[in-house]
Amino acid sequence: MAGTSYVYAGAVKSAEGGKGGVFRQAIGGGHWEALRDGLPDDAQIHAITVHPENAEIVFVGTTKGAYRSTDHGTHWTALALPDPGADVWSVTIHPKDRRTIYAGYGPTGVYRSDDGGEHWKKMPDPGLPDRVHMTFPCRVMRLDVDPSRPDDLYACIEANGAMKSRDRGESWQDCTADLLRFAAQEKYKSRIVSQTEIEGMLDGHALACSAAAPGTVFLANRMGLFRSDDGGGHWADVEVGRYSPMSYGRDLRVSPHDPKVLYAALSPAFRSADGAIYKSEDVGKSWTRLDRGVKAEATMMGVAPHPRDPLQVYGVTKAGQVFGTQDGGESWAETRLPQGVGDCYAIACG
């Protein structure tokens with residue numbers, strides 16, 4: 001396996017009885033392998049993170065805790081989280097100190113490891129108000145660190161906005177107040193399952209920090225893409241609708257090769273028959289569609305730039321379509337996860 005790059009996709013078991021789990025395909029190959037050794041049979045996969053400096057190390061967040069592999073996912077070992085069986089939705093490796101790893105879970109909370117994942121500490125309860133009453137516990141969907149301020153940690157919550165820590169998760173500040181301002185306008189109101197029309201603005205799916213914009217954090221939620229230049233105090237609509245007919249933001253990533261480059265997974269809605277990958281080359285000021293010729297049959301749930309090759313980018317739809325480019329978006333290839341795999345939430349490569 002030395003020198004081989006892989007694409008990983010994660011799925012949950014759909015209501016229709018589809019198969020879940022972690023799947024791996026060698027880049028350039030055409031076969032998907034199910035990676036089950038060490039994972040509970042009923043684990044639903046919410047997040048996949050490949051170590052940015054050692055591609056043999058892969059982390060997954062599941063409904064049954066978090067797991068680590070040191071052989072590209074062939075075998076998995078449970079991480080010793082403070083709460084066994086926690087519902088983990090995100091795993092983030094610190095951009096400066098690779099031994100520091102954060103895991104976000106539901107109900108809203110964060111774990112931190114200071115030794116590469118061997119031991120974990122439960123961070124204090126953020127104490128956020130319960131503004132939206134969903135049919136599920138709110139959860140930390142994404143964590144990211146400001147590379148210019150390595151103690152500053154941001155988190156977005158489905159569905160309770162965003163929060164930040166100035167001390168590596170030891171204490172938290174609510175970053176949601178200014179998001180509520182948008183919900184006063186009709187075009188930002190959205191209610192699907194809760195008691196309030198602020199639900200859409202607080203339905204956070206992903207966030208990202210860039211070394212090209214110190215103190216800035218980008219947020220993807222149900223209503224679009226948003227940007228804060230003051231550490232979450234105030235937010236501005238990126239107005240991605242100027243460039244895309246789709247504005248439901250599901251994923252957001254910064255290129256590991258150029259901090260001015262951002263990638264976003266956009267769709268019409270969570271349950272839709274379309275989706276696309278968009279790219280910004282000016283830290284989110286303008287966007288262009290990257291996935292030329294792609295026909296997504298469901299919501300685009302994730303986007304993954306390759307950590308060692310700036311020309312490679314991959315995306316996954318909720319229905320299990322995996323799209324990839326190896327020439328910077330000039331051409332794309334589609335593969336499909338095995339028959340019966342449903343509700344895909346995560347993609348990674350390395």
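Q: What volume does the largest cavity have?
A: Rolling a probe the size of a water molecule over the atoms shows where empty space is left. In this predicted model, the largest cavity comes to about 80 Å³. The count of cavities of 30 Å³ or more is 1.

Q: Which residues line the largest cavity?
A: The lining consists of Lys13, Gly20, Gly21, Val22, Leu35, Arg36, Leu39, Pro40, Asp41, Ala43 and Ile45. By class, 6 of these residues are nonpolar, 2 polar and 3 charged.

Q: How many residues line the largest pocket, and which lie nearest its centre?
A: A pocket is an open set of points, whereas a cavity is one from which the probe cannot get out. Here the largest pocket holds about 1100 Å³ of space. Its lining has 46 residues, and Thr49, Thr92, Asp144, Arg253 and Val254 lie nearest the centre. The lining divides into 30 nonpolar, 9 polar and 7 charged residues.

Q: Which strands each supply at least two residues of the lining of the largest pocket?
A: They are S4 (45-50), S8 (87-93), S12 (139-145), S16 (204-209), S20 (248-254), S24 (300-305) and S28 (344-349).

Q: What volume does the second largest pocket have?
A: The second largest pocket has about 670 Å³. Its lining numbers 31 residues, with Phe136, Glu158, Phe270, Arg271 and Tyr345 nearest the centre. In this lining 14 residues are nonpolar, 6 polar and 11 charged.

Q: What order do the strands of the open sheet have?
A: Strands of a sheet pair through backbone hydrogen bonds, either parallel or antiparallel. The open sheet here has 4 strands in the order S4-S5-S6-S7, and the pairing is antiparallel. S4 and S7 (77-78) are the edge strands, each pairing on one side only.

Q: How many bridges join S4 to S5?
A: S4 and S5 run antiparallel and are joined by 5 bridges. Within this pair, isoleucine 48 has valine 60 of S5 as its bridge partner. S5 and S6 are also antiparallel, over 5 bridges, and threonine 62 stands opposite glycine 65 in S6.

Q: Why is S5 largely enclosed by the rest of the structure?
A: In a regular strand the side chains alternate between the two faces of the sheet. S5 (58-62) is largely enclosed because 5 of its 5 residues are buried. Val58, Val60 and Thr62 cover one side and Phe59 and Gly61 the other, and all are buried.

Q: Which residues of the largest nonpolar core touch the most other members?
A: A nonpolar core is read as a set of buried residues joined through side-chain atoms within 4.5 Å. The largest one has 26 residues, and Met201, Phe226 and Trp235 touch the most other members. S13 (153-158), H1 (177-182), S16 and S17 (217-221) each supply at least two residues of this core. A second, separate core of 17 residues includes Ala206, Leu252, Tyr278 and Val283.

Q: Which residues is phenylalanine 226 in contact with, leaving aside its neighbours within four places in sequence?
A: On that basis, phenylalanine 226 is in contact with Phe182, Tyr188, Met201, Val217, Phe218, Leu219, Asn221, Trp235, Ala236, Asp237 and Val238.

Methods. Residues numbered from 1 in each chain as written. Predicted model: local features only at pLDDT ≥ 70, side-chain atom pairs only at ≥ 80, totals over all residues. Heavy atoms only, no water. 1 Å grid on protein atoms, 1.4 Å probe; cavity = no way out; pocket = protein on both sides within 12 Å on 5 of 7 lines; lining within 4 Å. Points joined across faces, edges and corners; volume = space filled by probe spheres on them. Nonpolar A, V, L, I, M, F, W, Y, C, P; charged D, E, K, R; others polar. Pairing = 2+ DSSP bridges. Buried < 20%, exposed > 50% of the residue type's maximum accessible area, 1.4 Å probe, protein only. Contact = heavy atoms within 4.5 Å.
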